[in-house]
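Visitor: I have a structure open and want to learn to read it. Can you take me through some features?

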Amino acid sequence: MKKTARAHTNIALIKYWGKRDEQLFLPTNSSLSITLDRFYTETSVEFDANLTADRFRLDHAVIEGKEREKVQHFLDKVRRATGETRFAHVESVNHVPTAAGFASSASGYSALAAAAIKAAGQTFTEKELSILARQGSGSASRSVYGGFVEWQKGQLPDGSDSHAIPILNQDEFDLAVLSVEVTTEKKKVLSREGMKRTVETSPFYEGWLKTVDRDLAAIKTAIHARDFRSMGEILEYNALKMHATTLGADPPFMYWQSATLKVMEAVSQLREEGLLAYFTIDAGPNVKVIVEIENEQAVIERLNQIDVVSEIYPCRVGPGITYLD
Ligand code: PMV
């Protein structure tokens, strides 16, 4: 039977940066994110005894080559976990701004995991789904839950203790996350490749590992206390440290463009003027600005005045996986 699931993207406040096991997607550090309400993926899966390979359609177009193989590889894991033997039709639609560079493997693999398990006639706990989604894309492990979510790195070699846990529900700490677009270009160094190169070659990676647990513990205290200022300071600091590791890689690389820096400078300028806002950046040049609801409009107005900003997408804290049939 055809089953459909929806999963939302997430933005990490404490970054996942580096794997200890490439095959199982086991991270070197724990991470923490906010699930976003605005951007999500809807995926339908139907297993079909007549198929001789998995079929994959993304945004109404048939996908072949590497991308299809990745999905097939992931579905192989689903088949191993469920005893399902048939191939599947997979239909995925990304509800993210067209070509805005916000398309996310996090929402994609989280929705795929949920729909595929249902289509195979099984019921997985959220923890089991998180472990499975992790093996499509690490950050997908966190999109299983809404609200504030921690991905605990775990210790076991088989990855059975490396999964997300909810920290706060969607309605427990209301915030705005402004997705600030400065370019719609595709990123040059994919996160998978960027992490690998950094772990293997950057002397700064050691500094990242030494301090990330401290950042995580401190931000959890701030989140539980609804201490926006402390949370903001920690998340910005953590993002800067992650990006600093890439500068020490061999060969070095950088996700920022001059436009990225302009937005970062504007955010710190806003703070000097008393408007509390903090930035974070993933493996690309666009910026996410975290702001309290009461200051959201004022911050949007100011950021809109920056010439390099092409679009601002305001988001709120979003829900976890939902099923549509
Ligand atoms: O799971 P991936 O391959 O999308 O990697 C995510 C890496 C960062 O976005 C930079 C950090 C994170 O925790 O989401």
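Predicted model: local features only at pLDDT ≥ 70, side-chain atom pairs only at ≥ 80, totals over all residues.

Visitor: How do I check the span of helix α2?

Guide: Helices (H or I, at least four residues) and strands (E, at least two) are DSSP runs, numbered from the N terminus. The expected span of a helix is 1.5 Å times one less than its number of residues. Helix α2 covers residues 105-119, 15 residues, so it should span 21 Å. Its end C-alpha atoms are 20 Å apart, which agrees. Just after α2, Gly121 has a positive phi of about 80°.

Visitor: How many residues of α2 are buried?

Guide: A residue is buried if 20 or more other C-beta atoms lie within 10 Å of its own, exposed if 12 or fewer, and partly exposed in between, with C-beta atoms placed from the backbone. In α2, 14 of the 15 residues are buried, so the helix is largely enclosed by the rest of the structure.

Visitor: At what angle do α1 and α2 pack?

Guide: Axes are lines fitted to C-alpha atoms, for helices over the stretch in contact, and angles run from 0 to 180 degrees between N-to-C directions. Helix α1 (residues 66-82) packs against α2 at about 35°, with the axes 11 Å apart.

Visitor: Which residues of α1 and α2 meet?

Guide: Contact requires C-beta atoms, placed from the backbone, within 7 Å. From α1 come Phe74, Leu75, Val78 and Thr82; from α2 come Tyr109, Leu112, Ala116 and Ile117. By class, this contact has seven nonpolar, one polar and no charged residues. Here Ala, Val, Leu, Ile, Met, Phe, Trp, Tyr, Cys and Pro count as nonpolar, Asp, Glu, Lys and Arg as charged, and the others, Gly among them, as polar. An α-helix has 3.6 residues a turn, so residues three or four places apart point the same way.

Visitor: Which peptide bond is cis?

Guide: The bond from Asp250 to Pro251, with omega near -5°. Pro251 lies in the loop between α6 (228-247) and α7 (258-272).

Visitor: Is Ile34 buried or exposed?

Guide: Ile34 is buried, with 31 C-beta neighbours inside 10 Å. It lies in strand β4 (residues 31-48). Ile34 and Val177 are 143 residues apart in sequence, yet their C-alpha atoms are 9.0 Å apart. Beyond four places in sequence, Ile34 touches Asn10, Ile11, Leu13, Phe148, Val177 and Val317.

Visitor: What does Val289 contact?

Guide: Val289 belongs to strand β12 (residues 287-291). It is buried, with 25 other C-beta atoms within 10 Å. Leaving aside neighbours within four places in sequence, its contacts include Leu178, Val180, Val267 and Phe279.

How values were computed
Residues numbered from 1 in each chain as written. Contact = placed C-beta atoms within 7 Å.
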